[in-house]
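Here are my notes for you to read alongside the model. Please keep the viewer open as you go.

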Amino acid sequence: MAASRKPSSPDVGADVAALHASELLDRALDAMPPVAERFAVALSAGPDSAALAVKAAEWAARRGVAMRLFHVHHGLHPDADAWTGLAADLAGRLGLPLDVRRVRVDPADPAGTEAAARDARYRALAAMAAETGIDTILLAHHLDDQAETVLLRLLRGAGTDGMGAMAGETRKDGIRYLRPWLAVPRSRILAFMHAYSARTGFEAVRDPSNLDARYARGILRAEILPAIERHWPGYRATLDRYARRSAETAALLREVAQSDLDAIQEPRPPYGSALRLSGLNRLAPARRAMVLRLWLAGHDMAAPSEARLREMARQLQDAAHDRQLLLRHGDRQVRRYRDHVIVDSRENAPPVVQAAGVEFKWAGESAIRLEAMGGTLVFAVEASGIAPDWLRNTALIMRWRRGRERLKVTAQSPSRSLKNLYQERGIPTWERERLPLLYRGEIMAYAAGLGADARLPQASPGIRLEWVPDHPGATVTS
């Protein structure tokens with residue numbers, strides 16, 4: 001592939017088309033959001049990004065703005081080194097600095113080669129931007145790319161949110177990406193580049209993978225879109241209009257979902273926000289699904305499939321009030337306790353290996369760290385409490401619940417089961433299993449989350465016991 005060729009003879013019709021195309025590309029750049037003192041253009045050295053580099057260089061020169069070029073070497077094609085050479089050639093012609101970043105793309109990536117290459121490309125662009133102090137990168141996506149994206153997302157089952165396709169301005173990893181040519185047909189870009197090549201001898205990359213039937217976009221470009229264009233020549237503008245309307249609809253639906261969510265969520269440390277189930281179930285099914293999707297996203301959870309979300313909503317609605325529902329989604333657990341729904345990222349067990357118990361002695365320390373139990377037992381001195389001599393220098397053991405334990409909370413009340421006491425405190429079942437018990441011999445002296453047994457010897461001053469877990473739980477009251 002040659003980097004240059006002899007300029008061709010003039011073609012008046014092509015010159016007029018190129019002039020109109022050049023003016024259109026200039027107007028699109030003029031209409032983009034403001035750019036600070038410097039920016040970069042992502043340059044693959046294909047005709048689209050090459051045209052953007054040329055026109056953006058002219059635009060930057062008129063405004064006195066500094067510009068550089070970023071090239072990502074994917075290594076997926078035998079000519080990848082030659083493409084880097086073409087990028088360097090164009091940068092030299094334009095008098096612009098060029099940054100090159102090599103990345104490795106695994107062809108066997110489960111997400112697919114296209115997706116893996118895209119992710120690697122954005123990471124490389126962000127890295128080059130950080131190194132050069134740039135926060136704005138221009139991308140050469142155009143109207144044809146937008147139409148392809150809409151069709152691909154539609155065929156992959158995207159909802160209203162996904163059908164908004166590409167936006168003119170997005171932010172990713174702290175970098176602002178601008179796509180000034182989303183409304184420009186590729187034919188105008190190619191007309192401009194044809195004239196630029198004829199005038200300068202520069203020949204842009206022609207990537208054969210663009211029409212490779214192994215890739216989804218290649219199938220669209222080689223087989224599907226030509227057939228569509230024969231019957232609906234205006235399909236690009238139609239799909240772009242559909243994408244913009246979908247984006248507007250999605251934004252409106254997000255506002256409705258956020259309003260619904262704000263009305264039924266409340267802080268519940270350490271789980272972030274919890275949902276009031278009664279409020280969720282009063283919503284119409286479609287709004288209920290939108291709220292669940294938004295709430296899960298707020299917990300950094302991947303969006304569930306439509307079928308999975310529908311089943312989750314059904315179980316939350318149909319479960320009996322006293323049923324402690326557990327739904328697994330990825331590595332998280334969606335739990336229901338009474339009128340609350342929470343997201344729990346921990347397993348339904350103490351955060352450490354369960355031992356039969358940890359035996360130790362207290363010699364007057366203010367606190368004893370019990371690593372194997374995942375927390376610290378505090379011995380606080382108060383005006384009245386457990387007699388220190390009863391606890392001091394004797395065998396104490398911290399262990400997990402075994403069932404049927406009872407505790408006398410006050411001198412006036414009878415002893416009661418821990419289960420009932422925990423229920424009254426609003427401590428969910430899965431949290432109770434993370435709360436250890438302190439024994440002196442066969443006597444249960446203290447239950448984490450509840451307190452000490454009122455029958456223990458008292459003194460003034462005395463000791464108040466407190467369990468401080470590494471991973472605090474929560475009370476959930478109705």
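1. A word on the basis. This is a predicted model, in which local features need pLDDT of at least 70 and side-chain atom pairs count only at pLDDT 80 or more, while totals for chains, interfaces and linings use all residues. Residues are numbered from 1 along each chain as its sequence is written, and side-chain values use heavy atoms, with hydrogens and water left out.

2. The whole chain. You will find 14 helices and 23 strands; these are DSSP runs numbered from the N terminus (helices H or I, at least four residues; strands E, at least two). Of the 478 residues, 46% are buried, meaning under 20% relative accessible area with a 1.4 Å probe, protein chains only. Among contacts (heavy atoms within 4.5 Å) between residues at least 6 apart in sequence, 69% join residues at least 24 apart.

3. The largest core. A nonpolar core here is a set of buried Ala, Val, Leu, Ile, Met, Phe, Trp, Tyr and Cys residues joined through side-chain atoms within 4.5 Å. The largest one has 42 residues, and F39, V41, M67, L138 and W181 have the most contacts inside it. Elements giving two or more residues to this core include α1 (12-30), β1 (38-42) and α2 (47-63); α2 supplies the largest share, nine residues.

4. M67 up close. Which residues does M67 contact, leaving aside its neighbours within four places in sequence? They are F39, V41, A53, A56, A57, A60, L96 and P97. A second, separate core has 34 residues, among them F360, L438, M444 and L450.

5. Five strands run in the order β7-β8-β11-β10-β9 with antiparallel pairing, where pairing requires at least two DSSP bridges between two strands. β7 (265-267) and β9 (326-329) each have a single partner strand, so one side of each lacks a neighbour in the sheet. β9 pairs with β10 (residues 332-337) over four bridges, and L326 stands opposite R335 in β10. Helix α8 (residues 235-264) lies across β7 and β8 (273-276), at about 55° to β7; axes are lines fitted to C-alpha atoms, for helices over the stretch in contact, and angles run from 0 to 180 degrees between N-to-C directions.

6. Another open sheet. This one also has five strands, in the order β12-β16-β19-β20-β21, with antiparallel pairing. Its edge strands, β12 (358-360) and β21 (451-452), each pair on one side only. Two bridges join β20 (residues 443-447) to β21, and A452 in β21 is the bridge partner of Y446.

Notes
Buried < 20%, exposed > 50% of the residue type's maximum accessible area, 1.4 Å probe, protein only.
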